[in-house]
Amino acid sequence: MSSDQDKSETEKAIDVLQRKVKKLYEYRDFYLLKRPLEDALKKDDDVKKELLDTLKSFDELEGKAQAEDKSKFFYLKGRALNVTQDHDPEAEKLLSKAIKLNSNLLEAWNELGFCMWKRGDSLGAKKCFLKNPKDKVALRSLAIVLRQQPSANQEERVKIIEESLVKATESVELDPSDGLSWVVLGNSYLVSFFSILQSPKKMKQALAAYLQAEKDVIAQVDPDLYYNKGIALQYQEEYLPALEAFSKAAALDPTWNLPKEKERKLIMYLETAQQLVTTQGKQRPKKLHSMLKVCLHAQLTTPFQKMVFFKKPNKIPSLL
């Protein structure tokens, strides 16, 4: 008899199932860390196969596990079903049962929040995440759903974005080593930059957060990290790193078309710019000389005089 079998016979059924669910999520999260990027297209199907194998254990141990802790059994099975990207109605039903039996089961509130978010119910998800205000996962998830919350006017929108940034910051403070929290913080700074004030400091903070995120192996295979990093780098006119980031995002999730489209459009823009430089804007020499002469002797008397332009920093400051 193997040591795993010995362990399974001495463990409580609920502990066996908890271990199985943990293994399922590790399989999903570490999938591309143990395989070539070319396998990314197979990830969803392979995770579903692993889920089916995990569910067999729930069928085998259902009676014993429910006798030990019915609410936790419902939670664990709901969490297992929630491992895929798609909304699973059965997962939401089981998690709701778990909470009804034990409203203090904070992990179940988080999972139910994920279910509702997948279903498109951001307000319902927000209520779930608010149940767990001292948990890093709940806080960073709250930061995301807050940004999706509708607003009546720009003033209200600003308040929502600022609150989202606060929650993302709190999540990082609880565990500075969690790369996924850094991704959400970087995204929060990026949204703040584009929606409230295009402050150079905010852009630097976004890039600094993405840099911190890349130190975590789980975040290293998160396509959202590289897509949003690409957006920031493109704005900074760091085109080669931006293209690399979009390409990495597309490779990590081949079913996601947005990074591919961003990469394609940026390449087209750069090719057009290169062509215009090469052909001198397709202007006749006399016309080009006249334009250059005007530019060289022009006096800047417009509001642009007061604008502060900044170059990319040699080193992005740490937010830790």
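Reply: Start with axes: they are lines fitted to C-alpha atoms, for helices over the stretch in contact, and angles run from 0 to 180 degrees between N-to-C directions. Helices (H or I, at least four residues) are DSSP runs, numbered from the N terminus. This is a predicted model, where local features need pLDDT of at least 70, side-chain atom pairs count only at pLDDT 80 or more, and totals for chains, interfaces and linings use all residues. Residues are numbered from 1 along each chain, and side-chain values use heavy atoms, without hydrogens and water.

Me: Why is α3 called roughly antiparallel to α4?

Reply: The two helices pack at about 155°, with axes 8 Å apart. Angles over 145 degrees count as roughly antiparallel. So α3 is roughly antiparallel to α4.

Me: Which residues of α3 and α4 make the contact?

Reply: Contact means heavy atoms within 4.5 Å. Among them are Phe 74, Tyr 75 and Leu 81 of α3, and Leu 94, Leu 95 and Leu 101 of α4. By class, the contact has 8 nonpolar, 2 polar and 5 charged residues. Asp, Glu, Lys and Arg count as charged, Gly as polar.

Me: What makes a set of residues a nonpolar core?

Reply: Buried residues of the types Ala, Val, Leu, Ile, Met, Phe, Trp, Tyr and Cys must be joined through side-chain atoms within 4.5 Å. Buried means under 20% relative accessible area (1.4 Å probe, protein chains only). The largest such core has 37 residues, and Leu 51, Phe 58 and Leu 76 are among those with the most contacts inside it. α3 gives the most, 11 residues.

Conventions: Buried means under 20% relative accessible area, exposed over 50%, partly exposed in between (1.4 Å probe, protein chains only). Angles under 35 degrees count as roughly parallel, over 145 as roughly antiparallel, 65 to 115 as roughly perpendicular and the rest as oblique.
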